[in-house]
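Hi,

Here is the structure I promised to pass on. Have a look, and then read my notes below.

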Amino acid sequence: MHKGKDDSPDMGIRAMEKKKSIMLAFCCLFCLLVGHCQSLLAFVALNVNFRSNSRLHWLYGNTENICTTFNESQNNIFILETSFNFPVSRTLAAVESAALHNSDYCINLIFIRSHLNPPSPHPTELILELERAFQKLVATYGNIRRLNMTLDNATEDTDLHDLALSHQLRRNQSHESQSVQMSDMVRYALIYKYGGIYIDSDIIVLRSLNSSREYVMANGNRRDAPLCVMNSVLKLRRHS
């Protein structure tokens, strides 16, 4: 069956690009209002560099990558992608902002392979451009790593493993619902096994996430609840 214009993969990606531009404008306004001028400049710089050669080499140079073996002894920040098999622009923004402000952490961009994001046999020029942008980030910062996992091996050695294999993520559910469930299971499993920090792929980091305390993200602006605990940002010790 012939796909309509709005069904093409590029249309969805370009819609995300538009949303990212709107988010950038709001974040810039917020930074100006609260006086974080330095963070604002860094935020604008990292977004400008996505479609051009990176100009942040003068800050870090071509450093050796600190991400060695994947283990619990390393300072880890986890970012998941369950909807696509390539880094979209919002994910690039999250990865670069996390790497910029957390140079002693390994930024793990993890793609969860499933029927939700089958590999594209013929990548478009936009996808290739996004892949090149990611490789530039890896070369620039020296603390970024890409990993491919499945729900099976991501949840292995946790109580979530049996649930992950029990076909609870049924295919008759919506794509979005399955993706959210998969993302929740994987983030909890990785934090449990390795400890560290998890952030959603649309979170822009403006300062170091390191803290001696554990923390979770909370939203206090909802009318229906004075304080809503969320799992968009987590910092927990191993086996907590």
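R146 sits over the face of F111, 4.3 Å from the ring centre. A charge counts as over a ring if NZ of Lys or CZ of Arg is within 6 Å of the ring centre and within 35 degrees of the ring normal.

Before you go on: this is a predicted model, where local features need pLDDT of at least 70, side-chain atom pairs count only at pLDDT 80 or more, and totals for chains, interfaces and linings use all residues. Residues are numbered from 1 along each chain as its sequence is written, and side-chain values use heavy atoms, leaving out hydrogens and water.

Next, the rings. There are two aromatic pairs (Phe, Tyr or the six-membered ring of Trp, centres within 6.5 Å; planes under 30 degrees apart are stacked, over 60 edge-to-face, the rest tilted). F78 and Y194 have ring centres 6.5 Å apart and planes at 40°, so they are tilted. Both are buried (under 20% relative accessible area; exposed is over 50%, partly exposed in between, with a 1.4 Å probe and protein chains only). F84 and F86 make a tilted pair too, because their planes are at 55°, with centres 5.4 Å apart. F84 counts as buried at 18% relative accessibility, and F86 is buried at 7%.

Last up is S201, which is buried at 12% relative accessibility. Its side chain joins that of R90 through a polar contact of 2.5 Å (a pair of N or O atoms within 3.5 Å; within protein, one must be able to donate a hydrogen and the other to accept it, and residues adjacent in sequence count only if both atoms are side-chain atoms).

Cheers
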